[in-house]
Amino acid sequence: MVLEPRAGETLTTLKFEPSRGSLIGHIYTTNVEKSISVAVIAMLPPICIIILSWAEHVLISPSLHLDLIHDAGFFAQYVLLLPAVVLGMGLLTADFPTRLEAWRNAGLFKVNQSGYEEAIKLGNSLLESRFVQFLPVIFAAFCVVYGAYLHTFSDKNTWHSPNYLGGYPTISGLITLFVRFILYFLVCHFFISTFSCIIVFKKIIQNGVNLNVVHSDASAGLGDIGEYWLKYYLSILIVGLLFLLLVYFVQSTAWGRSFTYLIVLLSYSVALACGFLPIYYTHKAMYSEKLSIMSPVDRAISNTLTFLLSENSYLKSEDEDLERRLKVRQTLLENIATWPYNFKGFSFLTVSLLPAALSILDFVTKVGAFLGPSGSGVTP
């Protein structure tokens with residue numbers, strides 16, 4: 001059933017805008033192709049840094065404790081994570097509002113117009129708040145100061161500040177600080193936008209959903225919702241897994257490696273929450289709607305059985321037929337899906353959490369090595 005707007009109302013009175021009020025909102029448009037183009041452009045700064053480091057003779061240098069070519073942390077952050085976050089942010093701001101309106105117009109939600117607009121206003125007002133506007137800036141500035149202290153202005157003889165420059169930073173190292181600010185600004189803003197999307201989605205779906213018992217998606221018509229959030233969930237997990245593989249076999253100081261693993265584990269935890277919570281909220285709404293559909297049938301069967309078992313009643317063919325039809329209907333309703341996706345025993349959770357489990361095991365085995373000898377390989 002497609003919801004019709006009431007008199008004087010439209011289904012597009014308000015629109016959720018994840019980039020609303022953002023310092024980088026102009027970068028992200030509703031055009032997905034442009035988001036992909038911006039992600040490709042995001043590859044240019046790290047490429048320029050690599051070329052510049054070659055000109056400064058720090059790309060490959062056996063005399064350095066850590067040259068750029070062996071700095072897995074650089075490639076994990078700026079070659080992998082930066083374009084992934086840029087692309088993810090663009091797709092999120094472009095795709096989610098469109099999907100939300102499509103789900104609403106398709107009649108999947110029971111929320112009325114005022115409730116829908118209230119949820120949209122809540123999400124937009126959250127993104128426009130002063131705290132949300134300054135938090136990415138503060139977080140990115142902290143990461144820059146941390147990186148500058150740990151690498152750019154240190155005496156560790158790395159490609160950031162080699163000894164032959166007297167401890168002064170390289171130009172490529174200074175540029176990296178600027179790119180570092182952009183990266184962690186986007187990372188923080190990405191998770192803030194995701195959090196806002198989940199809040200809007202939860203507020204809308206808690207009003208209830210409309211189930212299509214015989215829908216071909218085997219999810220009572222809500223399969224598109226589950227597919228969307230699962231793709232989002234798995235995308236973050238893939239990026240996290242690639243990041244893990246990139247640094248896993250690289251020898252580093254025990255603290256550096258453990259710190260990196262803590263970051264990866266935190267990323268997996270956040271991905272699990274961001275990807276699975278909306279599906280869980282949908283499950284709760286579907287289960288509640290299923291109970292409301294089955295309750296009248298259950299009461300009818302109970303009343304029929306009570307009547308048939310009463311002392312002065314006797315079975316008639318029409319009574320038996322009514323009881324049989326009610327039970328058939330009850331059986332059909334019991335098979336209504338209460339999850340918006342065919343999880344196949346939640347096997348995807350087991351597979352996706354396996355890298356996290358291995359990371360925990362590796363982290364535990366490295367606790368005793370905190371004071372071990374230092375090596376080279378990862379820039380946290």
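Start by selecting Asp224 and Arg99: the two form a salt bridge, with their closest N and O atoms 3.5 Å apart. Asp224 sits in helix 7 (residues 223–248) and Arg99 in helix 3, so this pair ties together parts that are 125 residues apart in sequence. Keep in mind that you're looking at a predicted model.

Asp95 and Arg99 are four residues apart in helix 3, which puts about one helical turn between them.

Next stop: Lys110 and Glu289. Their salt bridge has its closest N and O atoms 2.6 Å apart. Lys110 is in the loop between helix 3 and helix 4 (113–128), while Glu289 is in helix 8 (residues 254–308), so the pair links parts of the chain 179 residues apart. Before moving on, note that shared partners join Asp95, Arg99 and Asp224 into one salt-bridge network.

Now select residues 44–55, which make up helix 2. Its twelve residues reach 17 Å from first C-alpha to last, close to the expected 16 Å. Colour Pro46, Ile49 and Ser53, which are buried. Look down the helix axis and you'll find the buried residues within an arc of 55 degrees, so they line one face of helix 2. After the helix comes His57, whose phi is positive, near 65 degrees.

Finally, zoom out and colour by pLDDT. The chain has ten helices and zero strands, and 46% of its 380 residues are buried. Mean pLDDT is 74 for the chain, with 64% of residues at 70 or more. Among the elements, helix 2 has the highest mean pLDDT (94) and helix 10 (residues 347–366) the lowest (51). Two stretches to select with caution: pLDDT stays under 50 over residues 251–255, and also over residues 367–376. The model has eleven contacts beyond four places in sequence for 251–255, and 13 for 367–376.

Note on methods:
Residues are numbered from 1 along each chain as its sequence is written. This is a predicted model: local features need pLDDT of at least 70, side-chain atom pairs count only at pLDDT 80 or more; totals for chains, interfaces and linings use all residues. Side-chain values use heavy atoms; hydrogens and water are left out. Helices (H or I, at least four residues) and strands (E, at least two) are DSSP runs, numbered from the N terminus. The expected span of a helix is 1.5 Å times one less than its number of residues. Buried means under 20% relative accessible area, exposed over 50%, partly exposed in between (1.4 Å probe, protein chains only). The arc is that of the directions from the helix axis to the C-beta atoms. pLDDT is the predictor's confidence in each residue, from 0 to 100. Contact means heavy atoms within 4.5 Å. A salt bridge is a side-chain nitrogen of Lys or Arg within 4 Å of a carboxyl oxygen of Asp or Glu.
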